[in-house]
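Let's take a walk through this one together. Have a look at the chain first, and then we'll pick out a few spots worth a stop.

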Amino acid sequence: MEDSPNDRLHFGIMGFGCEHYRRRCQIRAPCCNEVFPCRHCHNETTTILPLLKQSTLRNIFDRHELVRQDVKHVICSVCDTEQPTEKEQFHCDDCGICRVGGRENFFHCKKCGSCYGIGLRNNHRCVEDSMRHHCPICYEYLFDSLKETTVMKCGHTMHCDCYHEMLKRDKFCCPICSRSVIDMSKTWQRMDEEVEAISMPSDYRDKKVWILCNDCNDTTQVYFHIIGQKCGHCRSYNTRAVAPPVLPQ
């Protein structure tokens, strides 16, 4: 489907299901290996109708009811994908969709607008609707993605696999806001030593530049060095040159 993520989220709502439930999935009954919209439809077919039409349907001895907990497979009514229920699916009313992994392992962050693992409860920086965006690495929509996600120090989110691949390639800044995503203090210390060891030519020794720190968002004027410009506020080298500030007249 080429629709937007929002269109996918609302596609077919109230357009699928049966008289008992309006939902976009069916179940495979393990007792007879047949597909039904819900357990009530199964029970009506296998108990009530055989009594009324024994001559045209199954034998009366085949009557049985479906035990809800015995259902092991569900089938998407939109794409016909069949998958096991052992993924511990649960429905989040705030998200408006079903998720996998077990309700006890997740909580819903109202500001971020999505479910997170309980390890992030009171342990992440909230960014409003941070999950209703695409992963900045693979560009898959995060909100309804089946892949595990992580929240970086800056509050932005991406897939865990994409995050670890980014670090493996020595990229330590958030692709969205450019803040450092890990503790870089040891790296800044090594850069301090390199700056101390390498003297700039006389033409550049007294040259100053204005920089914006990507970590603390502060703007300062510092001496230029080929190794990097160090933030005068938080001592980070995660900086970039900017134009001098315009002073009020």
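Start with Arg235, which sits in the loop between E12 and E13. The names come from DSSP runs, numbered from the N terminus: helices are H or I runs of at least four residues, and strands are E runs of at least two. Arg235 has a positive phi, near 70°, though this residue is something other than glycine. Its relative accessibility is 46%, so Arg235 counts as partly exposed (buried is under 20% relative accessible area, exposed is over 50%, and partly exposed is in between, using a 1.4 Å probe and protein chains only).

A quick word on what you're looking at: this is a predicted model, where local features need pLDDT of at least 70, side-chain atom pairs count only at pLDDT 80 or more, and totals for chains, interfaces and linings use all residues. Residues are numbered from 1 along each chain as its sequence is written, and side-chain values use heavy atoms, with hydrogens and water left out.

Now for the loop between E11 and E12, where you'll find Asn217. Asn217 isn't a glycine either, yet its phi is positive, at about 65°. With a relative accessible area of 54%, Asn217 is exposed.

What do these loops connect? Strands of a sheet pair through backbone hydrogen bonds, either parallel or antiparallel. Here, three strands make an open sheet in the order E12-E11-E13, and the pairing is antiparallel (two strands pair if DSSP finds at least two bridges between them). Strand E12 (219–223) and strand E13 (239–241) each have a single partner strand and stand at the edges, so one side of each has no neighbour in the sheet. From one strand to the next, the twist averages 45° (axes are lines fitted to C-alpha atoms, and angles run from 0 to 180 degrees between N-to-C directions). Strand E11, residues 208–213, pairs with E12 over five bridges in the antiparallel sense. Look there for Trp210, which stands opposite Gln221 in E12.

Finally, step back to the whole chain. How many helices and strands does the chain have? There are five helices and 13 strands. Of the 249 residues in the chain, 31% are buried. Take the contacts (heavy atoms within 4.5 Å) between residues at least 6 apart in sequence: 32% of them join residues at least 24 apart.
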